[in-house]
Amino acid sequence: MTITVMSKSYPVANIDLAVLQHNLELVKRLTPNSKVMSVIKANAYGHGSIQIAQALADSDAFAVARLSEGIKLRQAGIQKDIVLLGGVLTAEELQAAAEFSLSIVFHNQSQLDLLSQTQISKPLTFCWLMVETGMNRLGLSADKVDEALHNLTQSNKISDSIGLMSHFANADCVDDLRNQQQLAKLKQCTDNKNIPISMANSGAILSFSASHGDWVRPGLMLYGVSPFENKSASDLGLKPVMQLRSVLIAIQDLLAGDQVGYGGDWVASDATRVGIVSIGYGDGYSRQLSNVGKVVINDKIVAVLGRVSMDLIAVDLSNIDKASLGDEVLLWGSDILAVEDVAQQAKTIPYELLCQVSERVKRDYHNG
Ligand SMILES: *Cc1c(COP(=O)(O)O)cnc(C)c1O
């Protein structure tokens, strides 16, 4: 039996690869003396890691969090350097990383021991040492760096030079003194040695040029989203790559006293026209948006009514002149409703909303 696939299906994440490239160009303009390691972990922040890697051919390298993410990109034919930000934990993982030519971030002593104890099929390249400078998450303490660098440089399992990496805990707080302190700590480790350093994520790329170093690591800004609470993406010259859309699949005319959705959290105080939209937490539309979310229908912002359910939300159509079944609903990604706005409504950060867009949502790629 042949199955006909509908040309248009909802919900859909429309992903503009030309806009992605525009955002990468901005990174490059801001960091003319640095190379760019584009961060495409977590399925490229929900945008689809393979398509995003292909479209970011002008980056100098890629970074992901985990081995499985790196292998997926290699199996799709991506050939640039791919750095595993979380490193590896076991001999099997180390061997797999070598086999797939994935680069490792070493962030603790047991990983360094693992390297010296494990046979690998070919030497690793483009590896990094993560230095603890204030995040207290991953990283070797600064006083251990010299010895580790010495050992890694001597090791015949690593065929080129090692870089020093660290990560800001407060890059979204412009001019925060702690950023200066973290950078100073990393720089102390390099002394007068000629070692590449990498520190800056999106927040630091946009606000702390002294931290750019040899390699910058943009994530969020590539996807056109602002890392700062008080600055919009367009203030920064960024454009959103993803527009999340769905469709009205039912309209209900409620009377005063009628409730909508689970739990009856919202009750009509007057006669209200309610639209039912095919999106829910099963698609990654956060349940935190219950009763507080906003969506766009026919260029107007309208409110989410009641609880977000797995597949559906209810929205207020009272102020929409002509709403009909099949009308498109924008969940985020436009000037009037950015994912940053929705994140505020949900009391979270745009990173989380983007990563949560689930497999059920089709990614539809276009170029401009
Ligand atoms: C995720 C991540 C980045 C990218 O951060 P953004 O704020 O999205 O730019 C950079 N470096 C490391 C180590 C990361 O884990």
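The structure is a predicted model, in which local features need pLDDT of at least 70 and side-chain atom pairs count only at pLDDT 80 or more, whereas totals for chains, interfaces and linings use all residues. Residues are numbered from 1 along each chain as its sequence is written, and side-chain values use heavy atoms, with hydrogens and water left out.

The protein chain contains eleven helices and 18 strands; these elements are DSSP runs numbered from the N terminus, with helices (H or I) of at least four residues and strands (E) of at least two. Along its principal axes, the C-alpha trace spans about 75 × 55 × 40 Å. Of the 368 residues, 52% count as buried, a term that denotes under 20% relative accessible area, with exposed meaning over 50% and partly exposed lying in between (1.4 Å probe, protein chains only). Among contacts (heavy atoms within 4.5 Å) with a separation of 6 or more, 62% join residues 24 or more positions apart.

A pair of aromatic rings is described by the distance of the centres and the angle of the planes. Rings of Phe, Tyr and Trp (its six-membered ring) pair if their centres lie within 6.5 Å; planes under 30 degrees apart count as stacked, over 60 as edge-to-face and the rest as tilted. Six aromatic pairs were found in a search of the whole structure. In one of them, the ring centres of Tyr 45 and Tyr 351 are 6.1 Å apart and the planes stand at 40°, so the pair is tilted. Because Tyr 45 belongs to helix α2 (residues 41–45) and Tyr 351 to helix α11 (residues 350–356), this pair ties together parts that are 306 residues apart in sequence. Tyr 45 is buried at 6% relative accessibility, while Tyr 351, at 28%, is partly exposed. A further pair consists of Phe 126 and Trp 128, whose ring centres are 5.6 Å apart with planes at 85°, so that the pair is edge-to-face; both residues are buried. Tyr 45, Tyr 223 and Tyr 351 form one aromatic cluster.

Thr 272 lies in strand β13 (residues 272–277) and is buried, with a relative accessible area of 9%. Leaving aside neighbours within four places in sequence, Thr 272 contacts Gln 252, Asp 253, Leu 254, Trp 266, Asp 316 and Ser 318. A polar atom of the Thr 272 side chain lies 2.8 Å from the backbone oxygen of Asp 270. Asp 283, in the loop between β13 and β14 (294–297), is likewise buried, with a relative accessible area of 2%. When residues up to four places away in sequence are not counted, Asp 283 touches Pro 11, Met 310, Gln 356, Val 357, Ser 358, Arg 360 and Val 361.

The second largest pocket is lined by 14 residues, of which Leu 112, Asp 113, Ser 116, Asn 151 and Leu 152 lie nearest its centre. On a 1 Å grid over the protein atoms alone, a pocket is an open set of points where a 1.4 Å probe fits, with protein on both sides within 12 Å along at least five of seven lines; lining residues have an atom within 4 Å of a point. Helices α6 (109–117) and α7 (145–154) each supply at least two lining residues, and the largest share, five residues, comes from α6.

Notes
A polar contact is a pair of N or O atoms within 3.5 Å; within protein, one must be able to donate a hydrogen and the other to accept it, and residues adjacent in sequence count only if both atoms are side-chain atoms.
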